[in-house]
Amino acid sequence: MTTQTDGTTPPDMRRLCVHTMTVKRWSLAEAIEGFTAAGIPGITVWRQHLEPQGSDVSGRMLRDSGLRVASLCRGGFFPALTAADRAKAIGDNLRAIDEAAAIGAPLVVLVSGAVPGLPLDEARRQITDGIAAVVPHAEAAGVRLGIEPLHPMYAGDRCAINTLRQANDIAESLATPVVGVTVDVYHLWWDPDLESEIRRAGPRILSFHVCDWRCPTRDLLNDRGLMGEGCIPVRRIRRWVEETGYDGAIEVEIFSDELWAEDPRVLLDRIKTAYREFV
Ligand code: ZN
């Protein structure tokens, strides 16, 4: 099977990647074993799955597995009410970059952050400054940084970057190839400017996340659907992304109390089917 770029046929299975958060209850070792058994070639590792054994041991496990590591999730959370807390956030991002390098992840995904009570324009300034502060370390480590806009429902306390336009503006202003954007259909599908901002991002698109928006959504954080279970035109958005030349991993990132309750092995089978049918 060759990589399809017309958006009307399923993507190559070799591009499939699953986030460890999608199979949250598994340890990293269990995820490696489960992905390998299911024939899922790519993995994006969340830091909580690194923590128990540390990034050096995790890196060895991942290298031995032969799985392709797409990214480390996540850095960011730059804005804070005090300078001390902003400095702490920068320290944490430097560590995330080191962890990514240790596990062979070419990318750290940034959830930029937001703080209740801090005006959004100030939060956005602090985010730009925070990313700029860690750029030299990322360049030295050979790790890129993907600014991931989050749906505006998270602007209050999780992420003040809510559109791809904002992420593109920051990436453009920093003007370094290590800073790009992450396109997640869950956060961006509603945006009337999405197609043009994807085109504008072009080679700055460093990663691509898929799932679906359930209607109605029963929980603002943990009710994402499998592709095909909701109202996101995933295949159409994939086509826009691929028209820029993006041919990297297609990452399945699902937070869902309902799907987390399933046997992760069954979930991985359902993901493969949904990937073929709806991505
Ligand atoms: Zn995402």
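**Entry 1: the largest cavity**

I looked up what lines the largest cavity and found Trp46, Arg74, Val111, Glu148, Leu150, Tyr154, Arg158, His187, Leu221, Arg224, Glu253 and Phe255. A cavity here is a set of points, on a 1 Å grid over the protein atoms alone, where a 1.4 Å probe fits but cannot get out, and lining residues have an atom within 4 Å of a point. By class I noted 6 nonpolar, 1 polar and 5 charged residues in this lining; Ala, Val, Leu, Ile, Met, Phe, Trp, Tyr, Cys and Pro count as nonpolar, Asp, Glu, Lys and Arg as charged, and the others, Gly among them, as polar. The space inside comes to about 80 Å³, a volume being what is filled by probe spheres set on the points, with grid points joined across faces, edges and corners.

A reminder to myself: this is a predicted model, where local features need pLDDT of at least 70, side-chain atom pairs count only at pLDDT 80 or more, and totals for chains, interfaces and linings use all residues. Residues are numbered from 1 along each chain as its sequence is written, and side-chain values use heavy atoms, with hydrogens and water left out.

**Entry 2: the other cavity**

How many cavities of 30 Å³ or more does the structure hold? I found 2.

**Entry 3: the zinc ion**

Which residues coordinate the zinc ion? They are Glu148 (OE), Asp184 (OD), His209 (ND1) and Glu253 (OE), at 2.0 to 2.2 Å. Donors are N, O and S atoms within 2.8 Å of the metal (3.2 Å for Na, K and Ca), and water is not among the atoms, so sites may look incomplete. Glu148, in the loop between β5 (144-147) and α6 (164-174), and Asp184, in strand β6 (residues 179-184), link distant parts of the chain, 36 residues apart. Both Glu148 and Asp184 are buried (under 20% relative accessible area, with a 1.4 Å probe and protein chains only).

**Entry 4: helix α6**

I also checked α6, whose buried residues are Leu164, Gln166, Ala167, Asn168, Ile170 and Ala171. Just after α6, Ala175 takes a positive phi of about 45°.

Key
1 Å grid on protein atoms, 1.4 Å probe; cavity = no way out; pocket = protein on both sides within 12 Å on 5 of 7 lines; lining within 4 Å. Helix = DSSP H or I, 4+ residues; strand = E, 2+ residues; numbered from the N terminus. Buried < 20%, exposed > 50% of the residue type's maximum accessible area, 1.4 Å probe, protein only.
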